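Good morning. Please have a look at it first.

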Amino acid sequence: MWDRQRMIDRGRREFLAQAFCGIGSLAVAALAAGERAEAGITNPLEARKAHEPAAAKSVIFLFMAGGPSHLETFDPKPLLNELSGQVRPTEFGDAKHQFIQAGAKLLGSARKFAKQGECGTEISDLFPHTARCVDDIAVIRSCYGERVVHSAAQYELFSGRLMPGSPSMGAWIAYGLGSESQSLPAYVVLPDPKGALEGGQPMYANGFLPAVYQPTMFRGGSRPVRNLDLPAGVSASGRRETIRLIRELNEAGGADDPEFAARIGTYDLAFRMQTEAPEVFELGNETAETLALYGVGTEPTDDYGRRCLMARRLVERGVRFTVVVSGGGAGNMQWDAHADIEENHQRMARQTDQPVAALLTDLKRRGLLEETLVLWGGEFGRSPEAQDGKGRDHHNLGFSMWMAGGGVQGGRIVGATDAIGLKAVERPCHFRDIHATILRQLGLEQDELTFPHQGRRERLTFLHGTPLDELL
Amino acid sequence: MTLHRYAVRIVRTLAGGCVAVLLAIGLASGEDAVATHWSLRPVARPTVPDIGMAAESSRDLQPIDAFIVEKLRANGLNLSLPADRETWIRRVTLDLTGLPPTPDEIANYLADSSPQADEILVDRLLASPAYGEQWGRHWLDVVRFAESEGFEYDRHRAGAWRFRDYVIDAFHRDKPYDEFLLEQLAGDELAAVEVSDGRVISEGLSERQRELLVASGFQRLGAVRRNAGNPELAFSRHEVLTEMTDIVGTAILGLSLGCARCHDHKFDPIPQVDYYHLQAFMAAAQEFDCPLANTAEQARWKATTEAIQKEIAELKKSIPGLQGAEADERKARIDELQRSLPPPLPTISAIRNDENRRTPIHLLKRGNTEKREQQVGPRSLALVSTTSALELSPDTVAPRTSLAKWLVDPGNPLTPRVIVNRIWQRHFGRGIVATPNDFGVNGAEPTHRELLDWLATRFVESGWRFKPLHRLIVLSATYRQASGIPVASDPENRWLSRFPRRRLAAEEVRDAMLQVSGRLNLKQGGPSVMVPVDVDQVMLLYAPAQWEVTADASEHDRRSIYLIAKRNLRLSFLEMFDQPDAQSSCAQREASTHALQSLELLNGAFSNDLAKAFATRLLREAGDGACEQVTRAWQLAAGRPPTERELRLGMEFLKTQPLEEFALAVFNLNAFLYVN
C-alpha cells in the first residue's frame, strides 16, 4: 500500500521548490488512481520502468486500413495463379466472406514476386522501396483474426475485443510505460485526412482506462494538436500572467492535498506543451534530402510521407505509440479493394511504399530503429476468390503483417498460409500473439499489465497470447 | 433443489508470485451449505448501534452516523467537525442538482437561522427539476445510455432521447425503484400494445402506454452491429441478446454475468447454463420503432421522401469503384439529399416480443453460436433462489415481467443492496462496497455491512423511493463533516473521518461554467442538441452528415445531459474530464488530472468564449471596480467571498490584465472545480 502522507510531504516539498516552469513539479501529478499510486507512480504519464528489460522503447503502427491483400504483397502463391478462374478445390476447406458467395472463382495475382535483399524474402513489385529494406523486415505470413467485417476486425486488431469499449494497445502501452516526453502526449494517432474508418474513434480509444491515456488525434494542417494555440487576440505574455495568477490563487487556496498539488503541476506541463510541442510539427527543419526521401512535396506520396516523417519526429522525442493510418473514407479510398484489386492496390501502394521505406531507412540511420518497433498491416487480408471479376473480398483466416526494428530480427519469414493463401497453416498468429509480441518487446508482461474493470482484472490479451519467438 | 458446488479459483498476484486460492462456495437449501457469499444472504435488519448518542449531543446524530461512528471508534478515529454552512450548501446543491448554488440562494440560506433551514433547503433541491437531471445522469451512466448504435454506422436511434427524459422524469417524480425496473425490463409487455406488421393497430397510444414503451428502450441501449454483406445473423442476434442479458447483471444485480457466457463463472456461483436460462427471458424481444404519427401522417411522410430515398440508394450503389472527384461529388450529393429530408416522424425506440421471431436459446459451448447444446427456457439465477426457481416454458407470456418480478422479489437481496450502494457511492465518492458493479466474490467487501443492510431495509420499506434515502444521507452528521485530506491511518478514507473532497464531473464542470457566466439555458427535455465541433472530428465519422448542428444557438448552452449521446463522437471537453464512453456500464467515474485538461480550460474555444460572457456579467453586476468584480466572481464560482489574499491577488492582476483573463483564471481554480 502506498503511503499517502509521504506523497503529500513529497508533493509539498517539490512544488514549493519549483520555479514557474519547473520540471519536478510534474512528479506530483494525479494521485487519484490507487493502481498507479500503488506502483509508486505519481504522474500518470511519467516514464516508468518496464517489467522486464526491453528491446523497444516505442512503437509505430503503419495501419493499412481496409485490409491489404497478402496475395499481392508478401505471400506469393503460384498455385493460385494456376487455379485462377476455377472454384476453390474442396480440400482447402471452407471460408466465410463478407460479400462473395460459395462457388466464387479463384483469382490469380498479376503481381510479380522476386527475392529481395540478402535474406531473399519474396516481395511483390507493388513495393519496390520497401523491398530495399527487406533485410530489416520480418514478415508474418500466418496472421488471422476472428471476424471478416471491418469494424469488429478493427476493434480486435487494436484492442483484442470484437466490441468497442476496451482500451486499444496504444492506451495500454501509455498506461504501462508512460511517456518519455515532457511536452508531448504518450499516444498519438495520425489519421488519414481522406476520411473516417468503420471502427471510428472507439477503435483507438482508452476504453475504461482513465482519460489521461486517450489517444491524441492529430488534425490535418500545421497545428495538429487541439488547444495548443492561444486564442486570437491573446498575447503570450498576457497569458503567462494569467497562468501565474491561477497558480498563486490555487496555492493560496491550500495545496495540502496531493491532488491539488498535482493540478497545479499540470499547468506547468500545459504551458511547456504549448511552447515546446509546436516545434515538432515544423517539418521545415528537416533537410531537403530527408523531405525528398519521404516523398514530401511530391505526389502521390506527400501526405503519407509527411505523416511518416512526423512519426519519426514524435518517436525521437519520446512518444510511445504512434499510429499512421493509410486509408480513410469510402472503401475504395482504403485498401478495401472489392471492385478492382489492381487499381486499388497500385494506387494505395504508390502513396505509401516510398514513405514507409523512408521511415525505416531514416530510423535506422539515426540509430532509432533498434529501439522502435515498426508494425505494418491491416485488420485482415483479402480473399483468394474474386469478387465481381477483378476485386477481392475481406479475408480473416490467413494474411500478412510485418515487423521491423525494436529487437526484431530482420530478413525472416514466420508462418505460412496454405498453397492458395486461404488459411494460416503454419504457426498461425492471432492478433493476441501480435499484441503479446509487442508487449514483450517493450518489456511488459501481458499478465501484469492489468486494470480492474467490471469485476475482472482486464488486460490487452483477453486470451493469453504467445509472443513470436521466431522474430528474435 | 440440487446442491451446487463450485470451485472458485482466485488468482492474485502477490509480491510478484502467483498464489492460487481455492475457495469452495456451496449454495443449497437443505444440506449443510458452506458459507454463502455475504451479498447473497438475506438482507438483515440490523439494530442501530448504541454509541451513547447523548455524549455526542453537541451535534444532531442520525442512525447512519451511529453506524459510521461505531466503525470510526473501532479504528481510533472520529467524525471531523461540521463544515461551515457556506461549504455545506455548495456541497449539497452540487451533489443533488449538479449546479452550484447562486449567490442569492446562499444568502437566503445563511439568513435562515431556523432549525429547519437545512431540511427546507434539501427539500427544495430534491423538488427541483435539476435533481432529476443530475441523478438521472447517474443511472444513464450505469445503463451505458447512448442515442447512437456504435460500430461503423453509429446510426442514430429515432426518438432515443425520450428514454433520457423518461429517466430524468422518474427521478424527478421519485418513481419507486421496483416500478422503475419493471418498466424498463418489461414496459412493452405492460403496455400491451397490439401490433401487426410493425404497426400499432389501435389509433393512438395513451400517455401511460407511451411511457411504458419508452422505458422498454432500456433493452436497446447496447451497441448494435449492423452488418453489410453476408449477414452473420445468428452471431449478430447473439450479440444483441448478450447485451440485454449482461446489463441485467451489471446494472441491477451487481454481477458480472458476462463471464458465464463462455464457461461457468470463475468467481461467482453462476454455472454457464444459468446464463442461458437468463438469456431465454429475452428470446422473443425484438427492436420496435413505434411510430407516434397516425397512418395518414406516415403515408404523407413516405410520399414526400420516397423519391429522395431512392436517389440516395442509387448513388450509394454507384460509389464503390469510383474514386477521386467523382466519388467525392456523389458523396456530397448524398449528404445534401440526406439533409433535405424532412425531420423523421416522432418515434419511440422500444422493444416488443415477436413470437414469430423468437430465438431458440441453447447452451452454447464456449459461447460459440455454432456450438449449440441443449435448448433452455427462462429461469432465474439459482444463486438467488426466491420463491421458485422453476424453468418456464420458452413461450411463456410476458417473460420479462416475470424476470423483473424476480429481481424485485423480497427474497432477492442483491437488487436493493446494489442500488442503495450506488446512491451512497454518488454521495461519498466511494461505495460501502467499493465495486458497485460487482457484488460477487471478486468484488470488494463492504466496509459497513450493517449500514448497507439498514439502508436497504429502509429503502424498501419506504416504497423503494430515492428521495427519502437522499434526505437521510445528506442530513446526517457524516455528510456534514468538513472535508480534508485523509488521515495517515486511513489513507483511502474508508471509515469516513472527513468528507471526501471531489472534482466536479465532466458535465458539472461544463454546466457550472455556463451558469456562472450567466449563459445556462435551463430548458428541460426534448430532442438532443448537437453543438458545433471541429470539422476534423466530424470528418472522422463514417457518415459526417449525422452531425447536424442544432440551428438555434441558444440550445448550445443547455445542460450537458441534453447534448446528444453519440458513441462515435464525444465532445472533447467532456471526454477530457472523464465522461464515460457509453460502450459499457460505468459505475464510477474516473477523476484524472492531466495537462490536456489544463490546455482545454486555458486555450479551448468553449472556456474562452464563456470567459468573455463571464466578464460581461461581472461588469454588469459589479460595475467597474476591481474589488467588486473579484468579490462577485468568487461568490458566483466558489460560493463564498474571496479571502483577503485572494482578493488582493485578483485586484493586482486586474491592474494590468483584462477582466476576461481574470474570468478565465476563475474557471481554472480549485475553488471552482472541486467540491469541499
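Let me begin with A:Asp125, which counts as partly exposed because it has 14 C-beta neighbours inside 10 Å. On the cut-offs: a residue is buried if 20 or more other C-beta atoms lie within 10 Å of its own, exposed if 12 or fewer, and partly exposed in between, with C-beta atoms placed from the backbone. Before going on, this is a predicted model, in which local features need pLDDT of at least 70 and side-chain atom pairs count only at pLDDT 80 or more, while totals for chains, interfaces and linings use all residues. Residues are numbered from 1 along each chain as its sequence is written, and chains are lettered from A and ligands numbered from 1 in the order in which they are written.

Back to A:Asp125. Its place is in the loop between strand E3 (121-124) and helix H4 (128-131) of chain A. Leaving out residues up to four places away in sequence, A:Asp125 touches A:Arg111 and A:Lys112. Contact means that the C-beta atoms of two residues, placed from the backbone, lie within 7 Å. From A:Asp125 to A:Ala110 the distance is 9.9 Å, C-alpha to C-alpha, and they are 15 residues apart in sequence.

Now chain A as a whole. Chain A has 13 helices and 17 strands. Its radius of gyration is 24 Å, close to the 23 Å that the globule rule gives for 472 residues, so chain A is as compact as a globular protein of that length. That radius is taken over C-alpha atoms, and the rule is 2.2 Å times the number of residues to the power 0.38. Along its principal axes, the C-alpha trace of chain A spans about 80 × 50 × 40 Å. Of the 472 residues in chain A, 61% are buried.

The domain assignment of chain A gives domain 1 (1-43 + 229-276) and domain 2 (48-221 + 285-471). Such bounds come from an automatic or database domain assignment. The centres of domain 1 and domain 2 of chain A, taken over C-alpha atoms, are separated by 38 Å.

Two backbone details in chain A. The peptide bond from A:Glu299 to A:Pro300 is cis, with omega near 5 degrees, and A:Pro300 lies in the loop between helix H10 (288-294) and helix H11 (302-316) of chain A. A:Asp388 is not a glycine, yet it has a positive phi of about 50 degrees. A:Asp388 lies in the loop between strand E9 (381-387) and strand E10 (391-395) of chain A.

Next, chain B. Chain B has 26 helices and 10 strands. The radius of gyration of chain B is 27 Å, close to the 26 Å from the globule rule for 676 residues, so chain B is as compact as a globular protein of that length. Buried residues make up 48% of the 676 residues in chain B.

One helix of chain B is worth a look. In helix H13 (residues 399-407) of chain B, the buried residues include B:Leu403, B:Trp406 and B:Leu407. Where do the buried residues of H13(B) fall, seen down the axis? They fall within an arc of 160 degrees, so they line one face of the helix. The arc is that of the directions from the helix axis to the C-beta atoms. The buried residues of H13(B) pack against helix H7 (177-191), helix H9 (233-253) and helix H14 (414-428) of chain B.

B:Leu496 has a positive phi of about 60 degrees although it is not a glycine. With 24 C-beta neighbours inside 10 Å, B:Leu496 counts as buried.

Finally, the two chains together.

Terms used
Helices (H or I, at least four residues) and strands (E, at least two) are DSSP runs, numbered from the N terminus.
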